[in-house]
Amino acid sequence: MRRKRANLILNRYESVWPIDEIAGRKPDSWQGWPASKKFALVLTHDVESAAGQDKVLDIMKMERELGFRSAFYFVPEAYEISQHILEELHRNGFETGLHGLKHDGKLYFSRSIFRRRAKQINRYIAEWKASGFRSPCMHHNLPWLHDLNVEYDASTYDTDPFEPMGGGVKTIFPFIVGDTKTDRSFVELPYTLPQDFLLFVLMQQTGIDIWQKKLEWISRQEGMALIITHPDYMKFNNGTPGNEEYPAEYYRNFLEHIKKTYEDQYWQPTPGEVARFWREQNLKIKDGQ
Ligand SMILES: [Zn+2]
């Protein structure tokens, strides 16, 4: 029954998911990734609740052991944020950012709500020395995001018909979102690998084939592989996964697969680093250097 449902989803969106060929187009004047690496690999995590926060350091440890770094996005007004965890992440070269303010689905209800919340979000951004933002439920309205004092936003995706807003930005590369009136800009980083919740909770996949297939395509297009996983849904220590959980081993297997298959072929920055690189590249192109 479950497999039938998964196949149904796959067939229905076959032409745009998990791969939308159009999204592989390279940006104009593209000069490649640092150190001539073939593709960029960016690891991110959304921390939905206090239970998820409790698993953050386990994930950090797993990634560190395998030689990776990532970013964790927290919801400042949904649960009590552990200063200890933020400090540990920073001390180990990991990045922290904001995942909305409350995760109540209301951030984009109206322009005035967004303006009001943006002020509060900016306070946390300064306090945490965060450089980036991701909206809850991947809601987004890119022009409004200029209200935030961030270097980058990561609330879009190349292709994901299963998200509430559907569609996608149809690129596996970062892009700059500018505001001509205020001259403000930020770098947008779409996620380009399907979310863990979709694959392992909704579709009940029991392996990482879809991640592997998409990554193989991204590496051939020399794009950015950006993944979101959720500590909340990961089950550690080989315990039996609950209703909305999957074995953390799946994520570990994927990291091991990347290491083994693509050794020396990828650049592995934090999202803030890829945003800064993108901005520098873009300025260079603009100045004609
Ligand atoms: Zn979320």
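Select Tyr124. This residue is partly exposed, with 19 other C-beta atoms within 10 Å. The cut-offs are these: buried takes 20 or more other C-beta atoms within 10 Å of the residue's own, exposed takes 12 or fewer, and partly exposed lies in between, with C-beta atoms placed from the backbone.

Two notes before moving on. The model is predicted, so local features need pLDDT of at least 70 and side-chain atom pairs count only at pLDDT 80 or more, while totals for chains, interfaces and linings use all residues. Residue numbers start from 1 along each chain as its sequence is written.

**Around Tyr124**

Colour helix α5, residues 111-128; Tyr124 lies in it. Helices (H or I, at least four residues) and strands (E, at least two) are DSSP runs, numbered from the N terminus. Now show Pro76 and Leu98. Tyr124 touches both, not counting residues up to four places away in sequence. Contact here means C-beta atoms, placed from the backbone, within 7 Å. Then pick Ser15: its C-alpha is 40 Å from that of Tyr124, and the two are 109 residues apart in sequence.

**Zoom out**

Show the whole chain. It has nine helices and eleven strands. The radius of gyration is 18 Å, close to the 19 Å that the globule rule gives for 289 residues, so the chain is as compact as a globular protein of that length. That radius is taken over C-alpha atoms, and the rule is 2.2 Å times the number of residues to the power 0.38. Along its principal axes the C-alpha trace spans about 55 × 45 × 40 Å. Buried residues are 39% of the 289. Of the contacts between residues at least 6 apart in sequence, 75% join residues at least 24 apart.

**Strand β1**

Select residues 39-47, which form β1. Eight of its nine residues are buried, so the rest of the structure largely encloses this strand. Which strands pair with it? Strands count as paired if DSSP finds at least two bridges between them.

- β8 (residues 224-229) runs parallel to β1, with six bridges. Here Thr44 has Ile228 as its bridge partner.
- β2 also runs parallel to β1, with five bridges. On this side Thr44 stands opposite Ala71.
- β11 (residues 266-267) pairs with β1 in the parallel sense over two bridges. Look for Ala40 opposite Trp267.

**Helix α3**

Next, select residues 56-65, helix α3, where Val56, Ile59 and Met60 are buried. Where do these residues sit around the helix? Viewed down the axis of α3, the buried residues fall within an arc of 100 degrees, so they line one face. The arc is that of the directions from the helix axis to the C-beta atoms. They pack against β1, α2 (50-53), β2 (70-74) and α4 (83-91). After the helix comes Gly67, with a positive phi near 85 degrees.

**The nonpolar core**

Switch to the largest nonpolar core, 63 residues. Such a core is a set of buried Ala, Val, Leu, Ile, Met, Phe, Trp, Tyr and Cys residues joined through C-beta atoms within 7 Å. Select Val42, Phe72, Leu189, Met224, Ala225 and Leu226, which touch the most other members. Helix α8 (residues 248-262) gives the most to this core, with six residues. Centre on Leu189. Setting aside neighbours within four places in sequence, its contacts are Val42, Tyr152, Ala154, Pro174, Leu226, Pro271, Val274 and Ala275.

Go to Met203, in the loop between α6 (196-202) and α7 (209-221). Buried or exposed? Met203 counts as buried, with 20 C-beta neighbours inside 10 Å.

The remaining stops concern backbone angles. Most residues other than glycine have a negative phi, and most peptide bonds are trans.

- Pro18: the peptide bond from Trp17 is cis, with omega about 0 degrees. Pro18 is in the loop between α1 (2-12) and β1.
- His103: phi is positive, about 60 degrees, in a residue that is not a glycine. His103 is in the loop between β3 (95-98) and α5, and is buried, with 20 other C-beta atoms within 10 Å.
- Lys170: phi is positive again, near 55 degrees. Lys170 lies in the loop between β5 (152-153) and β6 (175-178) and is partly exposed, with 17 other C-beta atoms within 10 Å.

Definitions and conventions: Contact = placed C-beta atoms within 7 Å.
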